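Biologist: Hi! I have a new structure open and would like a quick tour. Could you walk me through it?

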Amino acid sequence: MELQQDPTLLWFIAIYGIIMIGIGIFMSKKVAGSEDFVLAGKSLGPFVLMGTLLATWTGSGSISGGETSMAFTYGILPSLMMMLPTLVGIIILYVVAPKIREYGKFTVAGILEAKYGRTSRNIASVIIILAYVGIVSYQMKGFGFILNLTTGMTVQTGTVIGAAMIIFLAMIGGLRSVSQTDAISGFLMVGGLIVTVPTIIYVAGGWSEIVANVPESHMTATGGLTTIQMIGYLMPSLFLLLGDQNMYQRLASSKGDKSAKRAQLGWLIAMLIISPSISVIAFASRSIFPDIDPGMALMATTVAMPIAVGGILLAAAASFIITTGNSYLLSAATNLTYDLYGKYVNKDASDKKLLGMTRIFIVALGLFAFLIISYFPTVLSVQMYAYTVYGAGLTPAVLAVFFWKRVNAVGGVSSMVAGVVATLTWEIILQQPFEVNSVVVAVPVAVIVLIVATLLTTKNGNQTNQVTSNA
C-alpha cells in the first residue's frame with residue numbers, strides 16, 4: 001500500500017493540543033513556588049502519579065525508536081523483548097521508592113552529593129543535562145513525523161512546531177501542570193492502542209497475511225541480530241530507568257509511600273498493554289508499508305485505518321511525544337537551576353528567582369535539543385546514545401547509594417567518569433565496533449570501577465569518611 005498524507009487527521013492533533021495547552025495554563029495558576037513547580041507540592045495521588053510515570057517513560061523512544069523500529073527492522077520477537085527491561089526496572093524502583101522519598105531531593109545529583117560529595121553532584125548534573133537534552137530532541141522529531149504524515153509538511157518544519165509545544169508546556173506550569181497533562185495522555189495512550197491492535201490486524205488481512213509479507217528473519221528470536229547486539233539494545237533502557245531522575249522526581253512528588261506503590265503497580269500493568277501493542281502495530285506496518293522509514297512504522301498505520309481509529313492513535317502518539325519531551329526538559333532545567341546556578345552563581349537566590357531561572361533554562365535547553373537532533377541519522381541511534389550516557393554514567397553510582405552501604409566517594413565518582421568515558425570512546429572514537437551498542441562495554445566498566453575503587457580505598461575507614469566529607 002502506498003503511504004499518503006491525510007490532513008483530516010490533523011484535527012485530532014489540534015484538539016489534543018488545545019486541551020493540553022488549556023490544562024497547562026489552568027494548572028500554572030496554582031504554582032505557588034519552586035517546590036510546586038518541580039515536585040507538584042508533593043501532592044500527587046496514585047491515579048495522577050501512575051499516569052505521569054506512564055506518559056513520561058513511554059514517548060518517541062517507543063513509537064519512533066524502541067519497540068517500533070525494532071519490530072519494523074528486526075521482527076516481532078526482538079520488539080517484544082524490548083518490554084523486559086522496563087518491567088524489571090519498575091519492579092526494582094518499587095523497592096527503592098521509599099528510600100527515594102526519604103532523601104527529599106529535587107534532583108538525582110542532590111542524592112549523589114549526599115553520599116559522594118560535591119564533585120559527584122557536578123559531574124551528575126552535566127551527564128543528566130547532556131542525556132536529557134538528547135532525549136528531548138528526538139521527541140521533537142517524533143512530532144515532526146506526525147505532522148509530515150498528516151499534512152505533508154517537511155519533518156523539519158513539524159519538528160519546529162513540536163519543539164515550541166514541548167517548551168511551552170514545560171515552562172508554563174512545571175510538574176504541577178505536566179503531571180495533569182501526563183495523566184490524561186497516559187490513559188489516552190492505553191485506550192488508543194487497545195482499539196488499534198485488532199483494527200490494524202484486520203486491515204492488514206489477518207495475522208497469517210502479515211507474517212507472509214515480512215522477511216523470514218522477522219519471525220526468529222533475534223531477527224538476525226547476534227546475542228550481544230540484542231543485549232546492546234536491551235540494556236540502555238533498563239539502566240536509564242533505574243537511575244532516571246524523572247522517575248525519582250515523580251516518586252518524590254507522591255502523597256506518600258502508599259500512593260507511590262499503587263501508582264507503580266498500575267504503571268506495570270499499563271506497560272504490559274502498551275509495549276506489546278506497539279510491537280504488533282509496527283510489525284503489521286512492516287507488512288503494509290515495507291519501504292517507509294522504520295521510525296514512522298506505527299504512525300503510518302493511522303492512514304490505513306478508519307479515520308476515527310487512526311485519529312485516536314495519532315492523538316495517542318502525539319501524547320506519547322509531548323508528555324515525555326516536556327518532562328525531560330523540565331528535569332534537565334531543574335539540574336541547571338539547583339545544581340549549578342543555585343550552587344555556584346547565586347547561592348542566595350530567592351525562591352522566586354529560582355523559579356524564574358528554571359523557566360529560562362527550559363527555553364534555552366529546548367532550543368539546544370532542537371539543534372542536536374540534526375546530528376543523528378535516526379531516532380533509534382540518538383535514543384541508544386542518550387540512554388547509555390545516562391545509564392552507564394549515573395545508574396551504577398545511584399543504585400549503590402541505596403543497596404551498598406560500603407560504597408564511598410572515590411568509588412562513586414570514579415564509576416561516573418568511567419561510564420561516560422567508556423561510552424564516548426566506544427561511540428565516537430571507535431565508531432561502535434562490531435555494530436554493538438556501547439552499553440555492553442560501558443555499564444560493566446562503570447560497575448567494575450565502582451567496586452574496585454571502593455574496595456581499594458576503604459582499607460582505612462577514617463580516610464574514606466574524610467574524603468566524603470571534604471568532597
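Biologist: Let's start with two tyrosines. Are Tyr-74 and Tyr-233 buried or exposed?
Modeller: Both Tyr-74 and Tyr-233 are buried. Keep in mind that this is a predicted model.

Biologist: Good to know. What kind of aromatic pair do Tyr-74 and Tyr-233 form?
Modeller: A tilted one, with 6.1 Å centre to centre and 50 degrees between the planes. The pair links distant parts of the chain, 159 residues apart. Tyr-74 sits in the loop between helix H5 and helix H6, while Tyr-233 belongs to helix H12.

Biologist: And what about Tyr-132 and Tyr-390, how do their planes lie?
Modeller: Tyr-132 and Tyr-390 are stacked, with 5 degrees between the planes and 5.2 Å centre to centre. Tyr-132 is in helix H9 and Tyr-390 in helix H18, so this pair ties together parts that are 258 residues apart in sequence.

Biologist: Why does Tyr-132 count as buried?
Modeller: Because its relative accessible area is 0%, and buried means under 20%. Tyr-390 is buried too, at 0% relative accessibility.

Biologist: Which residues make up the ring cluster with Tyr-132?
Modeller: Ring pairs link Tyr-132 with Tyr-328 and Tyr-390. Across the whole structure, a search finds 8 aromatic pairs.

Biologist: Let's zoom out. How many helices and strands does the chain have?
Modeller: There are 22 helices and 0 strands. The radius of gyration is 22 Å, close to the 23 Å from the globule rule for 471 residues, so the chain is as compact as a globular protein of that length.

Biologist: What share of the residues is buried?
Modeller: Of the 471 residues, 61% count as buried. Helix H19 is mostly covered, with 8 of its 9 residues buried. Among them are Pro-396, Leu-399 and Phe-402.

Biologist: What about charges, how many positive and negative side chains are there?
Modeller: The chain has 25 positive and 19 negative side chains, and the centres of the two sets lie 17 Å apart.

Biologist: Where is Phe-434, and what is its phi?
Modeller: Phe-434 is also in the loop between H20 and H21, and its phi is positive, near 60 degrees.

Biologist: How accessible are Gln-432 and Phe-434?
Modeller: Gln-432 is partly exposed, with a relative accessible area of 25%. Phe-434 counts as exposed, at 71% relative accessibility.

Technical notes
Residues numbered from 1 in each chain as written. Predicted model: local features only at pLDDT ≥ 70, side-chain atom pairs only at ≥ 80, totals over all residues. Heavy atoms only, no water. Buried < 20%, exposed > 50% of the residue type's maximum accessible area, 1.4 Å probe, protein only. Helix = DSSP H or I, 4+ residues; strand = E, 2+ residues; numbered from the N terminus. Rg over C-alpha atoms; globule rule 2.2 N^0.38 Å. Lys, Arg positive; Asp, Glu negative; His and termini not counted. Charge placed at Lys NZ, Arg CZ, Asp CG, Glu CD. Phe/Tyr/Trp six-rings, centres within 6.5 Å; stacked < 30°, edge-to-face > 60°.
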